[in-house]
Amino acid sequence: MVKSKPQHFAQWCFLSLIFAISSTAKTLNYGDALAKSLLYFESQRSGRLPYNQRVTWRDHSGLTDGLEQGVDLVGGYYDAGDHVKFGLPMAFTVTMLSWSVIEYRQQISDAGELEHAMEAIKWGTDYFIKAHTSPNVLWAEVGDGDTDHYCWQRPEDMTTSRQAYKIDQNNPGSDLAGETAAAMAAAALVFKKTNPHYAHLLLHHAQQLFEFGDKYRGKYDEEGRLGVVKSYYASVSGFKDELLWAALWLYTATDNEEYLMYVINEAENFGGIGWAITEFSWDVKYAGIQVMASKLLNEEKHKKHSAVLEKYRSKAEYYICSCLNKNLDTTNVERTPAGLLYIRQWNNMQYVSTASFLLTMYSDSLKSSNQKLSCHGGTVAHQEILSFAKSQVDYILGSNPSNMSYLVGYGSNYPQRVHHRGASVVSYRENKAFIGCTQGYDNWYGRVEPNPNVLVGALVGGPDSHDNFLDQRDNYMQTEACTYNTAPLVGVFAKFSELEVQKELDHSQDLGLVASY
């Protein structure tokens, strides 16, 4: 009896180890997802590509952008599967990339991706500096959506219009000026220690843009201004959310009380404490503003503004609770049968990624302040919020009825026919023979074969309300990806990568204790 005990114990240890290894094998690799997500932004680059470009199927493009208008607008990002450079979604992309680094810098650094994240941000902000040619002039768009969509070409072969459009004091665009100011202020925080001169330059532009947007108020997409954008990136929420958003980011970046007072004084007039919103996107910033403002309550110096900041927090809680299905029945975000947040049919994943970011960040904020969330459905601890955010991220990475990763290039099963001109046509570096405007439609668009180039790190539009997904190039509602889909996930992937590494370390220590025993 005594002699057999160590043998049984050894067998138990061996089986435990096998179970541990098999469990770990099923674990999602958030570090890999983070690395891939940052590669996507290199696929979307416009302009002259740098020597360290990692996405090798792309080449230089848009090298004469702004030439007709006598301004250098080379650079920036293509927003999705076409080749228009739309200012509003590009700025929101940079804001979210910067916010990811601000909140999760250490985690991104530990994963070895901080340099890539900062490069992705700087590619956008370098362009914004060029586009902001004088205090009250911001170049808002390069290219025309209508003519661009008529062609299916690689960006390197572009023959479509590269007309550039601007906002100024006669044709204002407070929404675009505000979001660009927010992006540059947030980016200034990212570069503050490593490149203080550049951070100072970004802040200078951000402050001028905010003053411009606030002084000359108006929506950028109104007829007579930038009407060409209306079919693509219409400013449905107006400009008041962007002005609050910009002021809040400028306060965070400068600690200048004037910007905070703007957020406090305009809270009611601009809808900051009035709108209860269940989405956060390139157009509607209220939920982001409310979550940011609510975090100010954790600092003693802001207690004097607690009456207004508590109202911001109330609206932030409404958003978080609606995602958690803890509000009154009619005010919760819908979910698919498998549990994915579902806002609308077209490119639904953009709302999932932004929600995942705000949920993760809010959970961290509650944990650090030792607080709980109050919803109609009861109080919620920070762990439950983080767990739900993880469920959304895991769905994106393949824990769904289709066992498909909606992050392209991640895992073994992901969309093969992404609605993307450059990815769906043979690489320019492989075949430099010119492909004309409609030639791409004739020879490449309708192919049933997978795209010749993998758009690694792109988050596609995703499944419908019943978790169904059709991997077809012409199914652009589901298979097109956008820069602002992936950007919020950078911080979220970094956070969950850290948790996974810690979990594995703890597990290894437990196995070590068992072995030593």
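In this predicted model, a polar atom of the Thr95 side chain lies 3.3 Å from the backbone nitrogen of Ala183, a polar contact in the sense of a pair of N or O atoms within 3.5 Å, where within protein one must be able to donate a hydrogen and the other to accept it, and residues adjacent in sequence count only if both atoms are side-chain atoms. Thr95 sits in helix α3; helices (H or I, at least four residues) are DSSP runs numbered from the N terminus. Because its relative accessibility is 0%, Thr95 counts as buried (under 20% relative accessible area, with a 1.4 Å probe and protein chains only). Beyond neighbours within four places in sequence, Thr95 is in contact with Glu179, Ala182, Ala183, Ala186, Trp245 and Trp249, contact being heavy atoms within 4.5 Å.

Residues are numbered from 1 along each chain as its sequence is written, and side-chain values use heavy atoms, without hydrogens and water. Since the model is predicted, local features need pLDDT of at least 70 and side-chain atom pairs count only at pLDDT 80 or more, whereas totals for chains, interfaces and linings use all residues. The mean pLDDT (the predictor's confidence in each residue, from 0 to 100) is 92, and 93% of residues reach 70 or more. Residues 1–25 fall below 50, and this stretch has eight contacts in the model beyond near neighbours in sequence.

Helix α10 (residues 257–265) has Tyr259, Leu260, Tyr262, Val263 and Ile264 as its buried residues. These pack against α7 (196–215), α9 (240–254) and α12 (306–323).

Of its 32 lining residues, Ser231, Tyr232, Tyr233, Trp346 and Tyr484 are the closest to the centre. The largest share of this lining, four residues, comes from α8. By type, the lining of the largest pocket divides into 18 nonpolar, six polar and eight charged residues.

The second largest pocket has a volume of about 310 Å³. Among its 16 lining residues, Thr252, Met292, Lys295, Leu296 and Glu299 lie nearest the centre. Two or more residues of this lining come from each of α3 (87–110), α9 and α11 (286–295), and α9 gives the most, with four.

Conventions. Buried < 20%, exposed > 50% of the residue type's maximum accessible area, 1.4 Å probe, protein only. 1 Å grid on protein atoms, 1.4 Å probe; cavity = no way out; pocket = protein on both sides within 12 Å on 5 of 7 lines; lining within 4 Å. Nonpolar A, V, L, I, M, F, W, Y, C, P; charged D, E, K, R; others polar. Points joined across faces, edges and corners; volume = space filled by probe spheres on them.
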